[in-house]
Amino acid sequence: MKNYDMNFAADYITEIVKSDDAIFGSGVWFAKGMYPGAEWFGPYWSKDASGNVTVTMDYSNAAYNYPQFGWYQAAIKGPKDVFWDEPAYDDVSKTAMLSSSAPIRHNG
């Protein structure tokens, strides 16, 4: 994401979500206060029953508090490889899912 190019990221993530029926969605979760102009920034792209991909910012707030979750903490503190979390029910999307996460690093 050169210079926080969210248009590039959105296009790329949309194609990833479309690429496989097993993928429900994908998000980019910035550390609190690290995205310019936003305290909470966690856009989440998901597909509906028709396969259309849309983005929501419903996860980007203090009430959801995404840093509390194991998948987020593992990406921050864990190994540099992908972390797979336990299956869980997501209250925002109203679906059960299995999450994976990996860190996004900028300047190390």
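This is a predicted model: local features need pLDDT of at least 70, side-chain atom pairs count only at pLDDT 80 or more; totals for chains, interfaces and linings use all residues.
Student: How do you know that the span of H1 agrees with a helix?
Tutor: Helix H1 covers residues 6-18, 13 residues. At 1.5 Å a residue it should span 18 Å. Its end C-alpha atoms are 18 Å apart, so the two agree.

Student: Which residues of H1 are buried?
Tutor: They are Met6, Ala9, Ala10, Ile13, Thr14 and Val17. Buried means under 20% relative accessible area.

Student: What makes the buried residues of H1 line one face?
Tutor: Look down the axis of H1: the buried residues fall within an arc of 130°, so they line one face of the helix. In general, an α-helix has 3.6 residues a turn, so residues three or four places apart point the same way.

Student: What does the face turned away from the buried side carry?
Tutor: Asn7, Asp11 and Tyr12, which are exposed. Exposed means over 50%.

Student: What covers the buried residues of H1?
Tutor: The cover includes strands E1 (25-27), E2 (44-47) and E3 (53-56).

Student: What is valine 53 in contact with, beyond its neighbours within four places in sequence?
Tutor: Thr14, Val17, Lys18, Trp45, Ser46 and Lys47. Contact means heavy atoms within 4.5 Å.

Conventions: Residues are numbered from 1 along each chain as its sequence is written. Side-chain values use heavy atoms; hydrogens and water are left out. Helices (H or I, at least four residues) and strands (E, at least two) are DSSP runs, numbered from the N terminus. The expected span of a helix is 1.5 Å times one less than its number of residues. Buried means under 20% relative accessible area, exposed over 50%, partly exposed in between (1.4 Å probe, protein chains only). The arc is that of the directions from the helix axis to the C-beta atoms.
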